[in-house]
Amino acid sequence: MRIFFAGLGTMGAPMAKNLLKAGYSLTVYNRSAKALRWFQDQGIRVVETPAKGAEDADAIITMLADDDAVSQVLGDEETGCIRSVKAGALVIDSSTISPSLSRSLSTRFMVKGVVMLDAPVTGSAPQAQDGTLTFIVGGKEDAYHQAEPLFRAMGRRAVYIGPSGSGSTVKLANNIMGAINMMAVAEGLSIVQKSGLDAEKFFDVIAGGGANNGMVISKREKVLNRRYTPDFTARLMLKDLRLASHLAWNLDIPLPGLALISNLYQIACHTGASESDMSALLETYEKLSGTTQTPEG
Ligand SMILES: NC(=O)c1ccc[n+]([C@@H]2O[C@H](COP(=O)([O-])OP(=O)(O)OC[C@H]3O[C@@H](n4cnc5c(N)ncnc54)[C@H](OP(=O)(O)O)[C@@H]3O)[C@@H](O)[C@H]2O)c1
């Protein structure tokens, strides 16, 4: 099976490496050159345009920043995969994008005899590296089964949700909760810090009780050391909250927590945390409460 992989960022590069490790034959594309170097050094085929990469691919996997990137790489009539994809190929988009774009691209590919799955992931850079991501899959169920070996090469779990767009919908619901969980950590920690108490002990306490959440576990070291090297940037989290807000609006459901956390991430991004890890939301709280800390060491 010949795979074309597009988007070698924080998540895409390790996912592509895990496919290579599993023995798949790969062609890769990335918009900018730097991320291609490792692949070129290994003798992996690199293409100049997504259309070129799609020509002979049995499966196309994309891991791109946002709706614009996916529209260009998959859907551009001149340079995108849709121009040259073979009938019978399978497209798997793992980017977090709007469900409406997942559905409209899937319809366009269907006309060419190609099935597209929306298969965004939970897990961050460490899970992409370890091959322990979870894929949340929307689209035709038989295509999901066809893709299972690929999901296994890059992840620990794949969950079939339902028709096209449903994977993207569940992913946005997941990220609303992730952002609110981060806010919960930042709020608890704000009280502890301003009271002059030990943040490490605070983490030990909450890890054992009902206040525990995924962010308590995965962001503990970043937050305690004030080192916000990005696994998942605040910019991308804000992008997802925007997509979730559009979806909630279209569904006509009020989500007050989403409105609040979107505003907080907007403040974070406008005050210097855009390219930091999403856990740098704590810095926003520190600015608001006058307890700004400096990195240790
Ligand atoms: N990081 C996480 O923890 C995480 C977890 C789950 C889901 N996600 C989602 O997974 C996706 C990728 O995340 P990431 O953290 O890997 O992001 P990233 O490091 O910023 O990588 C984004 C990739 O998209 C490419 N790209 C951006 N705009 C483009 C355009 N207009 N045309 C073509 N390529 C474009 C980038 O190319 P360049 O190298 O040229 O910039 C890069 O390859 C996002 O949708 C994100 O929301 C991320």
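Student: Which residues does serine 164 touch, not counting residues up to four places away in sequence?

Tutor: Serine 164 touches Ser102, Arg103, Ser106, Asp118, Gly138 and Gly139; contact here means heavy atoms within 4.5 Å. Before we go on: this is a predicted model, in which local features need pLDDT of at least 70 and side-chain atom pairs count only at pLDDT 80 or more, while totals for chains, interfaces and linings use all residues. Residues are numbered from 1 along each chain as its sequence is written, and side-chain values use heavy atoms, with hydrogens and water left out.

Student: Where does serine 164 lie, and is it buried or exposed?

Tutor: Serine 164 is in the loop between strand E9 (155-162) and helix H8 (166-194). Helices (H or I, at least four residues) and strands (E, at least two) are DSSP runs numbered from the N terminus. Serine 164 counts as buried because its relative accessible area is 18%, and buried means under 20%, exposed over 50% and partly exposed in between, with a 1.4 Å probe and protein chains only.

Student: Which domains does the assignment give?

Tutor: Domain 1 covers 2-162 and domain 2 covers 169-289; such bounds come from an automatic or database domain assignment. Their C-alpha centres lie 28 Å apart. The contact between them takes 16 residues from domain 1 and 13 residues from domain 2.

Student: On to the ligand. Why does it lie between the domains?

Tutor: Domain 1 and domain 2 both give residues to the shell around the ligand, so the ligand lies between them.

Student: How many residues surround the ligand, and which are the closest?

Tutor: There are 26 residues around the ligand, and the closest are Asn30, Ser32, Ser124, Asp231 and Lys239.

Student: Which helix gives the most to the shell?

Tutor: H12 does, with four residues. Helix H4 (67-75) and helix H12 (234-251) each supply at least two residues of the shell.

Student: What about ligand oxygen atoms and arginine 31?

Tutor: An N or O atom in the side chain of arginine 31 is 2.8 Å from an oxygen atom of the ligand. A polar contact is a pair of N or O atoms within 3.5 Å; within protein, one must be able to donate a hydrogen and the other to accept it, and residues adjacent in sequence count only if both atoms are side-chain atoms. Backbone N or O atoms also come in: one of threonine 96 lies 3.0 Å from a ligand oxygen, and one of glycine 9 lies 3.5 Å from a ligand oxygen. Taken alone, the ligand exposes 900 Å², and the protein buries 87% of that. Those areas come from the Shrake-Rupley method with a 1.4 Å probe; for residues, only the protein chains shown count as cover.

Student: New topic. What is the phi of arginine 226?

Tutor: Arginine 226 has a positive phi of about 50 degrees, although it is not a glycine. Most residues other than glycine have a negative phi. Arginine 226 is in the loop between helix H11 (220-225) and H12, and counts as buried because its relative accessibility is 10%.

Student: And aspartate 252, buried or exposed?

Tutor: Exposed, because aspartate 252 has 68% relative accessibility. Aspartate 252 also has a positive phi, of about 60 degrees, and lies in the loop between H12 and helix H13 (256-273).

Student: Where is serine 84 found, and what does its side chain reach?

Tutor: Serine 84 is in the loop between H4 and strand E5 (90-93). Its side chain reaches the backbone oxygen of alanine 51 at 2.4 Å. Leaving aside neighbours within four places in sequence, serine 84 is in contact with Ala51, Lys52, Ala54 and Glu55.

Student: Last one: where does phenylalanine 5 lie?

Tutor: Phenylalanine 5 is in strand E1 (residues 2-6), and is buried, with a relative accessible area of 0%. Residues that phenylalanine 5 touches include Met15, Leu19, Tyr29 and Met154.

Methods. A residue is near a molecule or strand if one of its heavy atoms lies within 4 Å of it.
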